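Colleague: I'd like to learn how to read aromatic contacts in a model. Could you walk me through a case?

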Amino acid sequence: MEPIIAIVLALIGYALGSAKLINQGNEALVERLGRYHRKLSPGLNFIVPLVDQIVMEDTTREQFLDIKPQNVITRDNIYLEVDAVLFWRIRDIVKSFYEIDDLQGSLNQLATTTLREIIAQNTVEETNVSRAEMDTAILNQLNQTTEEWGVQILRLDIQSITPPESVRKSMEEERAAEIKKRALAFEAEGERDAAIKRADGTKTSMQIIAEALRSHPESREILRYLVAQDYVVASQRLGESNNAKIVFLDPSKTNEVYNQLIADSIAQDGNGKISENGK
């Protein structure tokens, strides 16, 4: 009876020693007598005790690596402090274990070197306006190397690019000057458009008045009244001004002004002659 119990216990011990449970999202590597044997997938796996050994279990899920702020010099010799985050994933766990030692440390060094190299090819202004292009260039260059390590770089996000205080102040002043320049340009364009519209309105009004005078000569008295009314309104506004001045209008000149206005209005008929009804 005792030998049977011993055999049962040995079988139970063997089963417990050979059964290995790998969690979902992980993979493991098995070596047999010191050499790579096979890869264990998520779930229940069995190995040969004392012969097989699990040498590594790692996740195949996405991971991130925080790259510490780096001092980088640009093409125009300006020192920048760059902070970035690297996102990566193991694609081939066999390569990630046997092809490179200290995978995360190697990724950190490689990302730092590549980041400095790409930024050194750009000026300060280019680093601010073409950040997405730099991210893509860095990503492509990193994947060329990490493919041999069984690792895929998913993305590299440049979180911040901090120039020196003097450079930052100069850039802010330059941006403020550019904004002011655009505002002045918009204002000048608006004034020009308003002047054109006022000129078009005056031209249209003159054409309407000329047409009315040609069709109804008796409307000249109405025009005389409107001219006199404009003089009164202008005089009132001048009187309300803080810098008001006394202006004397020679009554004898009003008829000349009126007649000139009539002549200019009627001249719009296209032949420059006053009709007989307009004497």
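This is a predicted model: local features need pLDDT of at least 70, side-chain atom pairs count only at pLDDT 80 or more; totals for chains, interfaces and linings use all residues.

Colleague: Okay, now ring against ring. How many aromatic pairs are there?

Modeller: Two rings pair if their centres lie within 6.5 Å. By that rule the count here is 3 aromatic pairs. Take Y36 and Y98: the ring centres are 5.8 Å apart and the planes stand at 70 degrees, so this pair is edge-to-face, since planes over 60 degrees apart get that label.

Colleague: Which parts of the chain does the pair of Y36 and Y98 tie together?

Modeller: Y36 belongs to strand β3 (residues 35-40) and Y98 to helix α2 (residues 93-98), so the contact links parts that are 62 residues apart in sequence.

Colleague: What about F97 and Y98, how are those rings arranged?

Modeller: Their centres are 4.9 Å apart with the planes at 85 degrees, so that pair is edge-to-face. Put together, Y36, F97 and Y98 make up one aromatic cluster.

Colleague: And how accessible are Y36, Y98 and F97?

Modeller: Buried would need under 20% relative accessible area, and exposed over 50%. Y36 has 38%, so it counts as partly exposed. Y98 is partly exposed at 35%, and F97, with 31%, is partly exposed.

How values were computed: Residues are numbered from 1 along each chain as its sequence is written. Side-chain values use heavy atoms; hydrogens and water are left out. Rings of Phe, Tyr and Trp (its six-membered ring) pair if their centres lie within 6.5 Å; planes under 30 degrees apart count as stacked, over 60 as edge-to-face and the rest as tilted. Helices (H or I, at least four residues) and strands (E, at least two) are DSSP runs, numbered from the N terminus. Buried means under 20% relative accessible area, exposed over 50%, partly exposed in between (1.4 Å probe, protein chains only).
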